[in-house]
Amino acid sequence: MPQGPQTFDALAVRTWCGLALEALGRAREEIDAINVYPVADGDTGTNLYLTVESAAAAVEAVFAGHAMAAAAAPPPLADAVRAMAHGALIGARGNSGTILAQLLRGMAQVLAADGESAHTDGPGLRLALRHAAESARQAVAHPVEGTVLTVATAAAEAAAGAEGDCGSVARAAYEGACVALAATTRQLAVLERAGVVDAGGRGLVALLSALVQTFTGEAPRPQATGSAALPPHADGTPDGPDGAETEACGDGAAGESGPAFEVIYLLEARDAAVDRLRERLDGLGDSLVVVGGDGLWNVHVHVDDAGAAVEAGVEAGRPHRIRITHFGLGDVHAGGAGRPPRERAQRAVVAVVPGEGLAGLYAEAGATTVLARPGEPPASGELVQAVRRAHALEVVLLPNDADLRHTAAAAAEQARTEGVRVALIPTRSAVQGIAALAVHEPERRFDEDVVAMTSAAGATRYAEVAVAERQSWTMAGICQAGDVLGLIDGDVAVIGADVTTTAETVLDRMLAAGGEMVTLVLGDETPDAVATRLEARVREAYLAVDTVVYRGGRQGALLLIGVE
């Protein structure tokens with residue numbers, strides 16, 4: 001192969017991202033298979049791939065914008081590395097992807113320090129690798145040795161002793177990472193029991209191999225990274241760093257099962273607020289990683305109370321792109337000895353939800369959620385990834401939006417090709433999803449469960465109250481921008497000027513056909529007085545009808561209504 005560039009410029013960043021994505025694509029299944037720490041959910045390779053995919057797309061966008069400006073030269077190094085870091089930050093998935101995002105951010109902080117420089121050399125790359133390792137370690141609440149942090153530190157230390165150009169530095173970092181990766185088996189008891197190396201560290205080795213190929217034109221020869229690379233003591237017992245046997249401890253004592261949920265979200269917040277958030281989340285769970293800066297952060301934590309983790313983010317700033325995963329009963333946590341590392345849960349529910357509050361509600365009921373932001377419906381790939389995160393043999397998929405039925409069908413079809421039994425229930429609103437989830441019983445036969453959930457969803461009429469954005473023709477007449485609209489089963493039925501009055505009219509029309517339960521989901525801008533008035537209306541006019549109220553967060557609509 002031809003010799004690559006020996007300096008690190010924007011083109012090298014672009015090449016590295018592409019080669020890293022290819023390397024992780026080849027190694028994804030292998031890395032997923034050895035993922036046993038901090039949670040054996042079998043998705044580290046996939047999470048790293050998706051994180052790098054987001055980084056690579058951001059770099060491509062910079063080059064595309066530069067080309068549109070008809071610039072003859074490639075973009076500056078600073079623009080490329082900042083885009084790479086930002087793309088990884090907003091696309092980070094899982095514990096490993098979040099740490100990788102901070103590694104790339106740490107590199108970018110050094111490489112972009114001289115904003116006008118077109119490239120950096122070997123010493124600049126050495127400094128970038130060192131700062132990356134240090135910043136990633138600082139982002140983790142309780143660093144544990146034998147993880148990707150150990151491998152990153154070893155790579156930086158090996159690079160620090162290398163002389164010469166970027167190719168020499170990258171090769172030294174790669175070789176140092178390989179040695180450290182092989183040693184991880186002895187540093188964490190959970191890795192030793194499974195007979196594997198750390199999955200996140202294995203992913204980092206793949207990235208560093210791509211970095212070598214970027215500068216030399218050839219991928220380095222694979223080195224031994226298995227646990228057999230280092231011999232045990234004479235008595236047969238392995239040792240950890242500095243000769244001391246180490247248990248998996250940092251975020252929980254060995255022998256204890258971990259928290260039930262993984263919560264990840266982007267957060268717009270000030271530094272001081274993030275410091276307080278770290279303290280609060282550290283008290284709620286483990287595997288806490290907070291990365292980013294300059295007003296935008298990526299938060300990752302494992303907790304038992306997913307709602308509290310999201311609420312903490314709301315208090316700190318503006319969380320969005322919230323993803324909540326329920327670790328199935330088949331998952332193995334840091335101390336879960338005696339269980340097979342990749343056992344799947346029998347059944348799971350995957351649901352698309354329109355707001356943070358509903359995401360917490362669904363997660364507490366055991367569902368894996370995909371957040372649908374207003375105007376940004378999830379793609380089928382996001383739904384497929386959610387099915388994978390659910391890590392179950394059988395999955396019930398709730399799209400909760402009529403416009404998502406084709407997207408959800410495509411995701412279900414792809415998941416079936418991966419051996420997952422998927423049933424798609426065509427829920428058209430989050431309130432129908434709530435009704436379906438309320439009758440979900442994992443213990444009964446799959447078909448019976450799906451029929452019961454489908455029946456409950458179909459027996460729930462749904463409505464929403466929203467504000468018109470522009471003049472439009474509707475089933476109820478012409479509306480003007482700013483009018484309050486009441487939509488029943490997807491069609492505009494009421495046009496009004498007041499939220500409470502419009503909501504009352506909608507509710508009366510729905511209950512005219514009967515009902516036993518009213519569900520109200522309030523948006524973040526809707527005052528509690530609206531729910532209070534509607535509850536009073538139900539008590540006064542409709543005997544034996546119960547009402548339940550939830551806060552949905554930034555869900556787009558002012559109010560969602562369900563009548564069962």
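This is a predicted model: local features need pLDDT of at least 70, side-chain atom pairs count only at pLDDT 80 or more; totals for chains, interfaces and linings use all residues.
I used the model with local features at pLDDT of at least 70, side-chain atom pairs at pLDDT 80 or more, and all residues for totals of chains, interfaces and linings. Residues are numbered from 1 along each chain as its sequence is written, and side-chain values use heavy atoms, without hydrogens and water.

**Largest pocket**

I looked up pockets (open sets of points on a 1 Å grid over the protein atoms alone, where a 1.4 Å probe fits, with protein on both sides within 12 Å along at least five of seven lines). I found 38 lining residues, meaning residues with an atom within 4 Å of a point. Nearest the centre lie Asp401, Asp403, Glu464, Gln555 and Ala557.

I then checked the strands (DSSP runs of E, at least two residues, numbered from the N terminus; helices are H or I, at least four). E7 (345-353), E11 (461-467), E12 (472-474) and E14 (484-488) each give at least two lining residues, and E11 has the largest share, 5 residues.

I sorted the lining into 22 nonpolar, 8 polar and 8 charged residues. Nonpolar means Ala, Val, Leu, Ile, Met, Phe, Trp, Tyr, Cys and Pro, charged means Asp, Glu, Lys and Arg, and the others, Gly among them, are polar.

**Second largest pocket**

Helix H13 (380-390) is one of the elements giving two or more residues, and H13 has the largest share, 6 residues. I counted 6 nonpolar, 6 polar and 8 charged residues in this lining.
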